[in-house]
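I opened this entry to look up the pockets and the ligand site, and I note my terms as I go.

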Amino acid sequence: MDHLLVRAASGERTERPPVWMMRQAGRHIPEYREIRDEYSFLEAIKTPEVAEEITLLPWEYYRPDGLVMFSDILTVLEPLGLSYHIESGVGPVVENPIEGPEDTDRTFDDVREELDYVGALLRRLNDSVGDETAIIGFAGGPFTLASYAVAGQPSRTHLPLRKLRARHPEAFRTLLQSFAEVVREYLQFQVDNGADVVQLFDTYAGELTTEDYREFLQPLHQEILADLDVPTIVFVRRMNGRLDLLEESGADAVSLDWTVEMDAAREELGDTPVQGNLDPSYLYSDPEFVREKTEAIIEAAGPEGHILNLGHGVHKDTPVESVEAFVETAKEWEW
Ligand code: CP3
């Protein structure tokens, strides 16, 4: 039988909501920090045994219904000829960012070859826990990837990329298109190597005007998500309403950040499956509060097509007891 997560993402009624968390494998787990003392971030994601060990840490702690492969959205920069690393205290840094409008038409190397370490990781995960839990693959969306590629580092306002839109709209379009092509191949590659579900993280795309979103980005999301044989989830943070834009991406399920009210989302989205959406900062509270707020979300979402998750990733010093309470609330639920 299909995994609970696959069933919910396909819109089925499930006996309880499946549960996983964005960034569940990261820095809130003590063993992750120990492994990172030994390996740089890039060494960890490029060494399948190490990436597997990290992916499995939340499995040992919480037994979630899905394990998100330990990797990063930035892996696709390399096939496009962009080098990056994670700088402590800064975040992702691109060493040779896009130089200008004439530098946006990027050819790319064979994704399967360049990112073979991701395929190897997915195969390992399938062998070790594939019968017990869903394996979740993911990729960044064109806007979010382009923001790093143009700014060369995290940008709170994403102004370098938005300036490109304003001054050189055709170069902006070309750059997003290059990313869309790589991402499409990359997700297909993940499915071929055993991902049961894939999520597209276009985290920062809420920065676009609605008109630009529709013109430049929506067709690319549709292209990326069409024709994948597994359920797909789309996530964009801070959409300020505008759930119709996410629904029109063609994803099977829409991941909601914590600023969206679950019942209002259900009303607006009809039968479209949803994922979310506990405020990740609530996990700094006590387990009782977490249970109460989580139950309210499950109740509001109802029994059909709901994947319990946070509204964004787990923060780094989140207490394990609260995460346990979050996961257990879903596991003990009975519709
Ligand atoms: O459970 C998991 O950890 C899954 C793997 C995962 C990571 N990043 C691991 C990671 C996923 C799904 C991502 C997605 C990602 N990466 C996004 C989209 C979603 C989101 O959360 O916004 C974005 C924008 C990135 C880019 C990126 N990579 C950021 C912003 C950071 C954090 C930088 C920092 O110093 O805070 C990274 C590095 C990164 N990716 C870490 C992890 C666990 C931290 C590495 C470390 O310091 O040990």
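I take a pocket as an open set of points, on a 1 Å grid over the protein atoms alone, where a 1.4 Å probe fits, with protein on both sides within 12 Å along at least five of seven lines, and its lining residues have an atom within 4 Å of a point. I take a volume as the space filled by probe spheres set on the points, which are joined across faces, edges and corners. The model is predicted, so local features need pLDDT of at least 70 and side-chain atom pairs pLDDT 80 or more, while totals for chains, interfaces and linings use all residues. Residues are numbered from 1 along each chain, and side-chain values use heavy atoms, without hydrogens or water.

I looked up the second largest pocket and found about 250 Å³ of space. Among its 13 lining residues, Trp258, Val260, Met262, Asn277 and Ile297 are the closest to its centre. Helix 13 gives the largest share of this lining, four residues.

I then turned to the largest pocket, which holds about 1500 Å³ and is lined by 45 residues. The ligand takes up this space (a molecule sits in a pocket if more than half of its atoms lie within 2 Å of its grid points).

Technical notes
Helices (H or I, at least four residues) and strands (E, at least two) are DSSP runs, numbered from the N terminus.
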